[in-house]
Amino acid sequence: MSASLLLVAPELTLTLAGLALLIWAAFFGDRHATGISIAAVAALVGAGALTSLAPAAGGNAFDGLARVDAFSTFAHVLIYFAAAVAIIIAPRFFRAHTPGGHGLMRAEYPILIVFAAVGMGMMVSATDLMTLYVGLEMNSLAAYVLASFIRTDTRSAEAGLKYFVLGALASGILLYGMSLLYGFSGTTNFAGIAAAMGADFSGGLVFGLVFVLAGLAFKISAVPFHMWTPDVYEGAPTPVTAFFASAPKVAAMALTVRVCIEAFGPTTLDWQQIIIFLALASTILGAVGAIGQRNIKRLLAYSSINNVGFALIGLAAGSEAGVAATMSYMAVYVVMTLGSFLCILQLRDAGGAYVEDIARMAGLGKARPWLVGAIALFMFSLAGIPPLFGFWPKFLVFDAAVRAGLLPLAIIGALSSVISAFYYLKVIKTMAFDEAPADAPQWTAEGNAVETGLIGFTATAISPLGYLAIAPLAYLSGNAALALFR
C-alpha cells in the first residue's frame, strides 16, 4: 500500500491541497482569492516536481488500477503546466467582468482547476475501466462548473448547460461500452480485456470497443462528437476556454492512446478503422467549418477539432513511432493554444470590454503591432507553416502514417492543413491590413506583465528557436511511447 501511495503522490498532493484551499475559501471567501490562486499554482508545480521523479520508481499502483510510467509522466507535466497557466491568467479577466472592474476573482476557480487536474492525472495513469471513469468524471464535474462560472453572463450559463447535457450523454455512452467490455471479458483491467480480445473477439466486445471510443471521442471533441465545442468555447470565460483547449485535451488524448494500445492492442486493425475515420472527419470539418466563423474563440474551437484530427493520424498508425508523434504533437499544441488565448486576453477596448468579433479587430495592427505580430506567429504555427515549430509535429504524424502504410490518410491530412491555413491567414489579414470599421473599438495599450511574459515564452517556444527542443522532445515522447509497447 505504501508503494502505491508513493506512486500516486502527485494526485494525493493535489487532493490534499484542494481540500485545504476549499477550507481556506470557505472561511475567508473571495477576499483571499489571490492567495488561494498562488497556493494552487504552487501545488501544481509541486505535483509536477513529484511527477518528474516517477519514472525511476514507476510501476503499478493498487493492484493494477493505475500505472505510473514515462507515458503518464509526460502527460502529467503537460496537464499541470496548462492548469497552472489557466489559473495565472484568470484574475484580470474576472475583474473585468465585475461591476466597475474592481471586484475579485472567485476563490473557487483555482480550486476547481486543482480538482480537475486530479481527475486528469487519474485518467492518464488509468489501467482499469473503473479508474478511467472515476478520473474522467472528476474532471468533467469540475469542467461543467467552470464553463458556467460567470453566472451573470447568459453565454457562460448556456455553455455550461450544453456542456453538462452533452457530457452526460457521452458519459452514458462510455459507461455502456465499459459494461459491455466487462460483461464479455469478465474483467475491467486493460490487460485482462486485451487477453480476452486476443482469445475471442466476440460481437459484444466489438460493440464495447465502439461505444468506448465514441465516448472518448466526445472528450477530445473529435468529429462527429464535436458539436459541443464551438458553443462551449465561445460562451465559457476565456481563461476557462484556454484550459479546456489544453489540459483536458491532453488528458483525453493520452487516455485514448492508452486504451487503444493497452486494452485494444490485439485488435489493432479494428480500432484503427475507427481512429482513421475520426482523424479524417476531424481534419476536414475542422478545416472547412472554421472558414465562416466571425468569433475568434469559435474559430479556435474548429482549429482545436482540426488539430485533434492531426494528432489522431499519429495514433492511427498504431506504432510506437505513431504514439510518440501524437504525444509530441500534443506538447507543441498546448504551447500554441495557450499562446493564442493569451493573445485573445489582450484584446480589450478602452472601456475594458473584451473584443471577440474578428471583423472589429481590423486596424489592430496600427494600434498594437506587437500583439498582432504575436497572433500572426501563433496562427502561422497552428497552420503548420515552416519555419515555425508548429510544422514539426505535423511532419511527425504524417511520417508515422506513411511508414504504417497509411499514405492516403497522410495526403488528406496535408490537404486539409492547406485549407485550414486560409482562415488563419484571414485573421492575420484582417488585423494587420484591413481598414478599421466605423464601429472599431478604441484599443487600450494596457498590458499585464505576467501575461506578456507568458506570451513571450510561448512565442519563443514555437518560433524557429523551438527546433532546438527537437532532441529532448523526441527523447521524452519516445520513452512515453515505449512504456506502452513494453
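Trainee: Leaving aside its neighbours within four places in sequence, which residues is Ser246 in contact with?

Mentor: In this predicted model, Ser246 is in contact with Ala82, Val334 and Leu338, once its neighbours within four places in sequence are left aside.

Trainee: And where does Ser246 lie?

Mentor: Ser246 lies in the loop between helix H12, residues 238-244, and helix H13, residues 247-263.

Trainee: Is Ser246 buried or exposed?

Mentor: Ser246 has a relative accessible area of 0%, which is under 20%, so it counts as buried.

Trainee: What about Thr51, where is its place?

Mentor: Thr51 has its place in helix H3, which covers residues 33-52, and with a relative accessibility of 2% Thr51 counts as buried. Leaving aside the neighbours within four places in sequence, Thr51 is in contact with Pro10, Thr73, His76 and Tyr80.

Trainee: Switching to the core, which residues touch the most other members of the largest nonpolar core?

Mentor: The largest nonpolar core has 169 residues, and those that touch the most other members are Tyr109, Phe243, Phe244, Phe264 and Leu312. Helix H16, residues 320-344, gives the most to this core, with 17 residues.

Trainee: Take Phe244, then: what is it in contact with, leaving aside its neighbours within four places in sequence?

Mentor: With those neighbours set aside, the contacts of Phe244 are Ala143, Leu146, Ala147, Tyr163, Val232, Tyr233, Ala236 and Lys249.

Trainee: How does Phe62 count by relative accessibility?

Mentor: Phe62 counts as partly exposed, with a relative accessibility of 30%, whereas Ser221 counts as buried.

Trainee: Zooming out, how many helices and strands does the chain have?

Mentor: The chain has 22 helices and two strands. Its radius of gyration is 22 Å, close to the 23 Å that the globule rule gives for 486 residues, so the chain is as compact as a globular protein of that length. Taken along the principal axes, the C-alpha atoms fill a box of roughly 70 × 55 × 40 Å.

Trainee: How much of the chain is buried, and how much of the contact pattern joins residues at least 24 apart?

Mentor: Buried residues make up 59% of the 486 residues. Among contacts between residues at least 6 apart in sequence, 81% join residues at least 24 apart.

Trainee: Last topic: what are the accessible surface and the charges like?

Mentor: The accessible surface comes to about 17900 Å², with 70% of it belonging to carbon and sulfur atoms. For the charges, 23 positive and 24 negative, the mean positions are 7 Å apart.

Key
Residues numbered from 1 in each chain as written. Predicted model: local features only at pLDDT ≥ 70, side-chain atom pairs only at ≥ 80, totals over all residues. Heavy atoms only, no water. Helix = DSSP H or I, 4+ residues; strand = E, 2+ residues; numbered from the N terminus. Rg over C-alpha atoms; globule rule 2.2 N^0.38 Å. Buried < 20%, exposed > 50% of the residue type's maximum accessible area, 1.4 Å probe, protein only. Contact = heavy atoms within 4.5 Å. Areas by Shrake-Rupley, 256 points an atom, 1.4 Å probe, with all protein chains shown as cover. Lys, Arg positive; Asp, Glu negative; His and termini not counted. Charge placed at Lys NZ, Arg CZ, Asp CG, Glu CD. Core = buried A, V, L, I, M, F, W, Y, C linked by side-chain atoms within 4.5 Å.
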